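Trainee: Could you take me through one part of this model in close detail? After that, I would like to see the rest of the picture around it.

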Amino acid sequence: MSLEHFTGDFPIVVEGLKTAFGDHVIHEGLDLSVRRGEILGVVGGSGTGKSVLMRAIIGLQPAADGRIEVLGEEIAGDHADDDIDIRARWGVLFQGGALFSTLTVAENIEVPLKEFYPEISPTLRREIARYKVMLSGLPDDAADKYPSELSGGMKKRAGLARALAMDPELLFLDEPTAGLDPIGAAAFDQLTRELQDTLGHTVFLITHDLDTLHEICDRVAVIADKRVIAVGTIPELLALDHPWIQQYFNGPRGRAAQDAQARVRAGVRAGTKAMDKPGGRGA
Amino acid sequence: MREWAEFSIAEGEGGARGVVLSGPLVVASIGRLDAQLRGIEGPFTHIDLSGVGEVDTVGAWTVWRFARDSGADIVGASDKARRLIAAVHRSELEEESTAGAAALSPEGMAALTGKFVIAYGQGVKHFLAFLGELIVALATLVRHPSRMRWTSVVRQFDLVGIRALPIIGLMSFLVGIVIAQQGAVQLEQFGAEIYTINLTGRLSFRELGVLMTAIMVAGRSGSSFAAQIGTMKLTEEIDAMRTIGVSPMEALVVPRVLASTFMLMVLGFYAAILSIIGGAFISMYSLEIPFWTFLSRIQEVVPNHDMWVGLIKGPVFGLIIALAGCYQGMRVEGNSEAVGIRTTVAVVQAIFAVIVLDAFFAVFFTEVGWG
């Protein structure tokens with residue numbers, strides 16, 4: 001098992017990806033490279049295959065054509081149980097949290113640790129689990145609760161804690177703020193950013209939340225017409241003349257998010273904001 | 001080959017005693033080091049991290065905890081290590097009370113018994129409440145027949161009854177063969193093999209047809225009632241129904257209860273017929289009784305009330321199976337494991353209750369002269 005962290009520039013490289021359910025083609029000729037240490041937001045209309053792209057990258061959805069390389073290794077979509085080595089190096093937060101409902105939050109976090117590193121003593125494992133619970137912003141007593149006893153926002157945090165259990169180099173977040181109240185969503189954004197600043201992992205983030213895009217994403221990839229039509233910072237995307245992008249970012253909600261962002265900038269400019277730096281924040 | 005994090009102890013001047021860590025301090029390499037660090041005796045003045053490669057939160061946590069417990073300073077940490085250790089420090093955990101579960105004391109036993117009894121009492125209460133709701137729903141449907149969901153009822157008739165025909169038919173046919181064949185072997189010893197016909201006919205109508213069918217339906221449909229309603233409960237579909245104004249009792253439970261009650265009567269009769277055919281079939285070969293002779297003898301030796309015994313028991317068993325399945329389904333709460341547990345309980349309870357009642361019926365019908 002490799003202890004070396006990935007040192008290349010692009011932990012995720014997708015080339016010419018084609019995915020399809022029967023005759024229904026989701027992606028065709030999709031290219032995407034994610035830079036190391038960035039938070040990449042992925043947007044697209046409903047049904048454009050954002051989640052399918054994520055599932056393809058993590059090897060849950062076989063690709064009909066094309067090449068996917070994660071952390072320098074080829075993902076063979078049709079052998080979902082291979083690539084164990086890689087699986088220890090990424091964390092995934094599914095849309096609904098996908099916590100194991102018969103285990104407590106702490107036990108959920110311990111699952112990947114137990115699976116990959118059985119030599120870690122139960123005491124340390126328990127400490128790691130409790131630490132990750134704190135790290136994800138859950139109250140301490142949440143560790144021994146079952147998923148059904150948690151609110152929607154807490155489930156997301158618990159899911160994030162499990163995704164972070166192995167200190168992954170790559171973090172996949174599927175709509176992390178969907179269904180959260182604005183305060184909870186903002187706090188989750190903040191958490192994602194802070195964790196990324198501290199731990200230095202690369203984040204692949206699917207979202208519909210314009211505030212999230214403005215607030216924490218270094219770059220944004222837009223999926224439309226079965227492929228990634230543009231990748232860049234939001235100002236770069238706005239400069240493009242694509243109708244969907246214009247509608248998305250300049251619609252009433254997009255405007256509101258931009259105004260909010262402008263107000264934040266005009267006010268306290270706390271540290272370097274994500275938008276100011278075009279991409280790569282290597283470790 | 002995996003690289004492990006390691007440590008050595010450095011004795012310095014003036015009583016300074018430090019721990020020097022080396023290798024990567026990451027989740028993959030920390031397992032042994034953690035165990036070793038817990039084993040060594042302090043105090044130490046410093047922890048030297050200058051020889052450390054990669055660090056992650058688990059490594060940072062281990063270093064920080066060791067520093068806290070041994071009162072040592074952390075020196076030589078890289079930028080990343082410092083940042084991570086600071087992050088650990090920010091979210092310092094309260095010491096966890098490690099009091100395990102209390103051993104089983106007499107008080108504990110008494111408390112457990114009490115809890116069990118209370119839970120049992122609650123269960124009885126819940127079941128009575130469920131029965132009450134069901135009766136109210138049935139009464140409502142009698143008064144407003146237009147609210148009856150006939151589509152749903154017909155669908156359940158199909159699922160519980162029609163689709164069970166092949167398997168129950170085959171099962172009964174085989175059971176008939178077994179009774180006739182085994183019965184014949186014993187009765188032959190008295191030269192009374194002709195009574196095989198009485199044995200097969202009466203047993204099939206009174207007992208085996210309906211009992212075996214009840215067990216099969218409990219396994220087939222009782223479990224699916226519990227699992228389906230339970231899953232709907234988990235996914236909040238039941239709550240959604242209530243908010244729309246649809247009574248889950250009327251929409252889900254009543255059709256299933258009706259289907260199970262009515263269909264078990266019919267299936268039980270069908271099973272008895274198939275069982276007799278099975279008996280007739282084997283008798284043709286082993287006893288050389290012609291098939292049609294066997295059947296016409298059945299008419300003479302099986303009294304009419306034997307058929308009625310089966311037809312009366314069937315609906316009662318069906319009702320019990322549907323009640324157990326639907327009730328357990330409605331009681332599902334929390335997680336997917338509960339669906340499994342409740343489904344098992346539904347089937348076990350249904351079969352157990354059916355057999356207990358069957359024993360009661362056996363005595364009852366004999367006493368009233370239908371022996």
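Mentor: Take S78(B). It counts as partly exposed, because 14 C-beta neighbours lie inside 10 Å. A residue needs 20 or more to be buried, and 12 or fewer to be exposed. Keep in mind that this is a predicted model.

Where does S78(B) lie? It is in the loop between β4 (73–75) and α3 of chain B. V55(B) is 23 residues away from S78(B) along the chain. Yet the C-alpha atoms of S78(B) and V55(B) are separated by 8.9 Å.

Helix α3 leads us on to the other chain. In all, 28 residues of chain B are in contact with 23 residues of chain A. On the chain B side, the elements giving two or more residues are α1 (31–39), α2 (57–70), α3 (79–90) and α12 (336–367) of chain B. That side holds 12 nonpolar, seven polar and nine charged residues.

Now cross over to chain A. Chain A has 10 helices and 10 strands. Of its 283 residues, 46% count as buried. Look also at contacts in chain A between residues at least 6 apart in sequence: 68% of them join residues at least 24 apart.

Next, a sheet. Four strands of chain A form an open sheet, in the order β2-β1-β4-β5, with antiparallel pairing. β2 (24–34) and β5 (73–74) of chain A stand at the edges. Each has a single partner strand, so one side of each is left without a neighbour in the sheet. Strands of a sheet pair through backbone hydrogen bonds, either parallel or antiparallel.

Strand β4 (residues 65–70) of chain A pairs with β5(A) in the antiparallel sense, over two bridges. E69(A) has its bridge partner in β5(A), namely E74(A).

Last, the cores. The largest nonpolar core has 101 residues. Which of them touch the most other members? They are I57(A), F172(A) and F204(A). Leave aside the neighbours of F172(A) within four places in sequence. F172(A) is then in contact with M54(A), I58(A), W90(A), V92(A), L93(A) and F204(A). Another core, of 60 residues, lies apart from the largest one. Among its members are A226(B), L258(B), A280(B) and I321(B).

Conventions. Residues numbered from 1 in each chain as written. Chains lettered and ligands numbered in written order. Predicted model: local features only at pLDDT ≥ 70, side-chain atom pairs only at ≥ 80, totals over all residues. Contact = placed C-beta atoms within 7 Å. Nonpolar A, V, L, I, M, F, W, Y, C, P; charged D, E, K, R; others polar. Core = buried A, V, L, I, M, F, W, Y, C linked by C-beta atoms within 7 Å. Pairing = 2+ DSSP bridges.
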